[in-house]
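Let's take a walk through this protein model together. Have the picture open beside the text and look up each residue as it comes along.

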Amino acid sequence: MLKIWSMQAETAQAGQKKKKVTAAQLRVQKDLSELSLGSTMRTEFPNPDDILNFNLIIDPDEGMYKGGSFLFHFAINQNFPHDPPKVKCTQTIYHPNIDLEGNVCLNILREDWKPVLNLNAVIVGLQFLFLEPNASDPLNKEAAEDLKSNREGFKRNVRTSMGGGSIRGQTFARVLK
Amino acid sequence: MTEEVMPDRTTGPESQQRWKYLDTILSRPGPFTDPDWEPGPPVRSALQSAKILCSCLYMIFIACIHTLILDRGAGGLGCEILKNLALSGFKDIHVIDMDTIDVSNLNRQFLFRQADVGKPKAEVAAKFVEKRVKGVKITPFCGKIQDKDEDYYLQFTMVVCGLDSVEARRWMNATLVGMVDENNPESMKPLIDGGTEGFKGQAKVIFPTMTSCIECQLDMNAPRAAVPLCTLATIPRQPQHCIEWAHIIAWEEERKGDSLDTDDPEHITWLYQKALKRAQEFNIPGVTYSMTQGVVKNIIPAIASTNAIVAASCCNEAFKIATNANPFLGFPGTNNYMMYTGDAGVYTYTFEHMKKDDCPVCGNLAKPLVVDPDSILQDFIDSLAERPEAQLKKPTIRSEEKSIYYQSPPALEQQTRPNLTKKLSELLTDGEEVAISDPAFAITFKFKLIFKS
């Protein structure tokens with residue numbers, strides 16, 4: 001390996017034996033510092049030492065979901081940012097793009113995720129879902145149908161569901177603040 | 001071909017014949033040889049004494065029962081690389097693999113025979129190659145690359161990888177970068193990484209800390225193709241959509257808490273039945289058991305000849321790095337990345353992938369920092385603001401285990417605030433690495449704390 005050794009740059013001594021901060025942790029740390037949560041969102045860390053698992057609470061201050069408080073769980077694996085974060089809504093809510101299991105249909109959480117995107121892009125996307133529920137990408141087909149065919153009826157259903165009421169026999173979580 | 005009818009090539013004139021061309025390359029310079037290079041026995045002995053780690057068998061032979069040549073990612077590279085290294089004159093090869101041989105491997109993993117099914121791959125492959133190539137010593141290890149520590153990796157001259165996952169590559173890369181010690185040139189191990197996906201493949205050489213690393217190249221990996229969740233949930237169009245639906249949505253709903261094991265035939269059968277039923281509802285033909293397996297395990301067909309091409313390129317680079325007989329890929333400031341595209345004609349392109357200054361792995365290595373273990377965290381943070389090379393005014397600090405102090409988000413700041421009045425020795429241990437980020441800097445600084453009162 002002629003010449004290679006002499007070219008070795010002045011690199012500092014690397015830590016040995018001890019566990020090192022992982023690449024995923026480094027990236028999440030950076031992403032967390034760049035979050036702009038505003039007044040409608042806050043985070044919650046059940047275990048503050050584990051920054052790869054946390055909750056995000058969204059309190060929309062306008063739109064049809066105003067007055068509600070929605071909780072999402074973020075689970076990030078060691079393959080982040082190659083893999084997107086896994087995001088689930090932990091409440092049973094009535095929303096065309098979120099199913100009753102809490103799965104979220106947001107393009108950047110799946111097919112359009114790229115390592116250049118960050119956690120801020122994801123939380124902005126989530127917030128947008130509450131301002132502009134999208135009937136053309138339905139995950140809860142009935143809710144999407146309601147939104148498409150009868151916007152006023154859909155609004156009423158949103159209010160009913162947020163109060164913990166039932167729609168077509170399905171009971172929803174009470175999410176009003 | 002059975003082993004009995006093969007001529008014995010381990011002794012006699014055929015054995016000398018085998019190394020004839022290799023000896024020619026090593027005994028005279030060529031048009032591209034470095035002027036400082038001296039041919040002859042020392043080069044030959046450099047080759048023979050090089051200790052090579054081939055972690056290429058690791059995980060790449062995922063069992064799959066399919067008529068096509070199926071494998072995951074880099075499949076089959078291992079057999080090719082091991083054979084090539086042995087035939088290139090390397091004498092001391094170590095091989096890591098965690099898998100056992102499955103009957104479906106036999107069509108392309110030519111070091112294995114029917115009688116070997118069920119045995120560990122690393123062992124069988126090592127025995128086979130030792131038998132065929134006289135004088136080569138192959139040391140198998142059956143386990144994960146993650147089972148071994150830095151001391152293990154330090155013994156090798158270089159590492160050749162044909163791993164199947166981005167995750168395994170990142171682990172290997174971070175380990176080799178972390179091992180580099182400026183006072184010990186031997187601590188830098190060239191990493192040769194090969195990978196294939198169908199008709200496409202790539203071979204690259206990394207000199208940890210000196211040239212672009214796997215982490216720098218992360219965005220070169222094609223993202224896993226995914227279908228929008230809403231398509232799966234509402235309007236499936238293809239049989240694969242029905243399988244993904246069963247995999248992602250139906251399993252969660254109906255078998256919650258039951259963790260999906262893609263190697264469990266019962267689980268695959270359940271998904272297959274679900275997908276089939278859904279496909280019938282939407283009038284979509286084509287869902288089969290093997291397709292279910294393929295979609296769920298994200299199996300990409302491995303093409304034996306693509307593996308052969310990529311493995312050949314990897315082993316040629318290993319040979320050139322060990323002997324200096326010709327310029328090799330990855331020399332700092334030159335090309336380090338060869339991509340091969342065989343799906344639209346034959347095309348290769350070789351270029352220099354640049355090292356990223358803000359790479360979280362090789363962008364900046366942990367620097368030693370002497371601290372007083374009895375001082376409190378707040379004092380340590382204040383001292384960071386006065387450091388000449390980087391004035392970290394709003395530092396966020398963590399170790400692998402702990403969030404030491406976070407400036408934001410507010411919840412985390414509040415939770416880590418009590419640490420400010422704690423002694424460093426209560427939060428960290430001597431020699432532990434911390435990562436410090438600051439909104440004023442794009443990169444994250446890493447320090448290895450050395451306690452000295």
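## A link inside chain B

Start with B:Glu215 and B:Arg170, which form a salt bridge with their closest N and O atoms 2.9 Å apart. (A salt bridge here is a side-chain nitrogen of Lys or Arg within 4 Å of a carboxyl oxygen of Asp or Glu.) The two sit in distant parts of the chain, 45 residues apart: B:Glu215 is in the loop between β7 (200-206) and α8 (229-233), while B:Arg170 belongs to helix α7 (residues 166-179) of chain B. Both B:Glu215 and B:Arg170 are buried. (Buried means under 20% relative accessible area, exposed means over 50%, and partly exposed is in between, using a 1.4 Å probe and protein chains only.)

Before going further, note that this is a predicted model, where local features need pLDDT of at least 70 and side-chain atom pairs count only at pLDDT 80 or more, while totals for chains, interfaces and linings use all residues. Residues are numbered from 1 along each chain as its sequence is written, chains are lettered from A and ligands numbered from 1 in the order in which they are written, and side-chain values use heavy atoms, with hydrogens and water left out.

Over all chains, the structure holds 25 salt bridges. One of them pairs A:Asp31 with A:Arg27, at 3.0 Å between the closest N and O atoms. These two are 4 residues apart in helix α2 of chain A, so about one helical turn separates them. A:Asp31 and A:Arg27 are both buried.

Salt bridges can also share partners: A:Glu142, A:Asp146 and A:Arg168 are joined into one network that way.

## Where the two chains meet

How many residues of chain B are in contact with chain A? There are 76 of them, and they touch 51 residues of chain A. (Contact means heavy atoms within 4.5 Å.) About 5,800 Å² is buried between the chains, with carbon and sulfur atoms giving 59% of that. (Buried area is the accessible area, with a 1.4 Å probe, that two parts lose on being put together, summed over both.)

The rule finds 4 salt bridges across this interface. One joins A:Arg110 to B:Glu244, with the closest N and O atoms 3.5 Å apart. B:Glu244 lies in helix α9 (residues 239-254) of chain B and, at 13% relative accessibility, counts as buried. Setting aside neighbours within four places in sequence, B:Glu244 is in contact with A:Arg110, B:Leu232, B:Ile249 and B:Val295. Another salt bridge is between B:Glu150 and A:Lys20, at 3.3 Å from N to O. B:Glu150 is in helix α6 (residues 150-154) of chain B and A:Lys20 is in the loop between α1 (4-7) and α2 (23-33) of chain A, so this pair joins two chains. B:Glu150 is buried, with a relative accessible area of 14%, whereas A:Lys20 is partly exposed at 23%.

## Rings that pair up

Now for the aromatic side chains: the structure holds 19 aromatic pairs over all chains. (Rings of Phe, Tyr and Trp, the last by its six-membered ring, pair if their centres lie within 6.5 Å; planes under 30 degrees apart count as stacked, over 60 as edge-to-face and the rest as tilted.) A:Phe54 and A:Phe74 have ring centres 4.9 Å apart and planes at 15°, so they are stacked. A:Phe54 is in strand β2 (residues 53-58) and A:Phe74 in strand β3 (residues 70-75) of chain A, so the pair ties together parts 20 residues apart in sequence. A:Phe54 is buried at 2% relative accessibility, and A:Phe74 is buried at 0%.

For an edge-to-face pair, look at B:Tyr152 and B:Tyr153: 5.2 Å centre to centre, with 85° between the planes. Back in chain A, one aromatic cluster is formed by A:Tyr65, A:Phe70, A:Phe72 and A:Phe130.

## The chains as a whole

Chain A has 5 helices and 6 strands, and chain B has 15 helices and 15 strands. (Helices, H or I with at least four residues, and strands, E with at least two, are DSSP runs numbered from the N terminus.) Of the 177 residues in chain A, 52% are buried; of the 453 in chain B, 53% count as buried.

Helix α4 (residues 77-87) of chain B has 9 of its 11 residues buried, so the rest of the structure largely encloses it. Just after α4(B), B:Gly89 takes a positive phi of about 100°.
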